[in-house]
Amino acid sequence: MKRDYAVIGLGRFGGSICKELSSEGMQVLAIDADEDKINEYKNIASHAVIADSTDEATLKDLGIKNIDHVIVAIGDNIQASILTTVVLTDLGVQSITVKAQNDYHEKILNRIGAHQVVHPERDMGIRIAHNIISNNILDYLELSDDHSIVEVKAGAKMGGNSLVQLDIRAEYGCNVVAIKREGDINVSPAADEVIKEEDILIVIGADKDISRFEKHLV
Ligand code: ATP
Ligand code: ATP
Ligand code: CA
């Protein structure tokens, strides 16, 4: 039987992935070594099994290699996380996402063939830090080490001016890719679009440019 997803480790992170995938109607195989966790998820996931994911034979018996995407969300036990990832790559799982606990862990996971490594505590920390620096920075998404997308609320400095008048691209090297206004979103604003105070601008650029833009105009 082919299942779409497997989540290994049902802590807060893995548990929330499992719940969300299930509520989106996906088939989810939930795996945890802890019986209490499995009891908690047996009515949420399509299947929930008590198993030690570092044991290759067990994962093989569960048919893990036929699952499209496996998420390893074992946190504190870094050794178990690494071993599980090795077993999954050995079994030829197509797509493996692993939660890293720290930068060393992340490095090893990349080295041993995890397809995607996530670092939710660090990334959420970065995001929240940006949100709280300014009341006008509503959201922040890191695209690479030095490029991001931010959502900013236009204040008095921008209100009443067009994109050309503000000369954002030339002055700050950033692009306004969309403007949200009263529930509508304009995804390709024209140069003569006049910004109103309270508009939400979605801006893409290099971090250093976005930061100059924030300082001067937001
Ligand atoms: P949180 O997401 O809450 O921060 P965490 O990332 O700190 O959790 P842990 O609580 O350390 O993660 O582990 C998550 C789950 O992984 C636990 O429920 C634990 O039982 C399970 N787990 C740990 N090792 C194994 C293993 N070898 N096989 C299966 N499950 C395991
Ligand atoms: P993570 O974000 O890595 O998952 P966590 O949410 O599991 O962390 P802890 O590791 O339990 O949180 O605690 C985070 C930090 O808070 C630790 O460095 C700990 O020393 C500190 N801390 C906990 N309680 C207190 C306290 N009463 N006063 C000051 N610091 C505290
Ligand atoms: Ca944790």
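Visitor: Which element gives the largest share of the shell around ligand 1?
Guide: This is a predicted model. Two elements give two or more residues each to the shell around ligand 1: a helix covering residues 12-23, and strand E2. The largest share is three residues, and the element that supplies them is H1.

Visitor: Which residues come nearest to ligand 1?
Guide: The shell around ligand 1 holds 20 residues. Those that come nearest are Gly9, Gly11, Arg12, Phe13 and Gly75.

Visitor: Is Ala30 buried or exposed?
Guide: Ala30 sits in strand E2, which runs over residues 28-32. A residue counts as buried if 20 or more other C-beta atoms lie within 10 Å of its own. Ala30 has 28 such atoms within 10 Å, so Ala30 is buried.

Visitor: Which residues is Ala30 in contact with, leaving aside its neighbours within four places in sequence?
Guide: Contact here requires C-beta atoms within 7 Å. With those neighbours set aside, the contacts of Ala30 are Val7, Leu10, Cys18, Tyr41, Ala45, His47 and Ala48.

Visitor: How far apart in space are Ala30 and Asp145?
Guide: In sequence, Ala30 and Asp145 are 115 residues apart. In space, taken from C-alpha to C-alpha, the distance is 33 Å.

Visitor: What pLDDT does the protein average?
Guide: Where pLDDT is low, predicted coordinates should not be read in detail. In this protein, 98% of the residues score at least 70. The average pLDDT is 93.

Methods. Residues are numbered from 1 along each chain as its sequence is written. Chains are lettered from A and ligands numbered from 1 in the order in which they are written. This is a predicted model: local features need pLDDT of at least 70, side-chain atom pairs count only at pLDDT 80 or more; totals for chains, interfaces and linings use all residues. pLDDT is the predictor's confidence in each residue, from 0 to 100. Helices (H or I, at least four residues) and strands (E, at least two) are DSSP runs, numbered from the N terminus. A residue is buried if 20 or more other C-beta atoms lie within 10 Å of its own, exposed if 12 or fewer, and partly exposed in between; C-beta atoms are placed from the backbone. Two residues are in contact if their C-beta atoms, placed from the backbone, lie within 7 Å. A residue is near a molecule or strand if its C-beta atom, placed from the backbone, lies within 6 Å of it.
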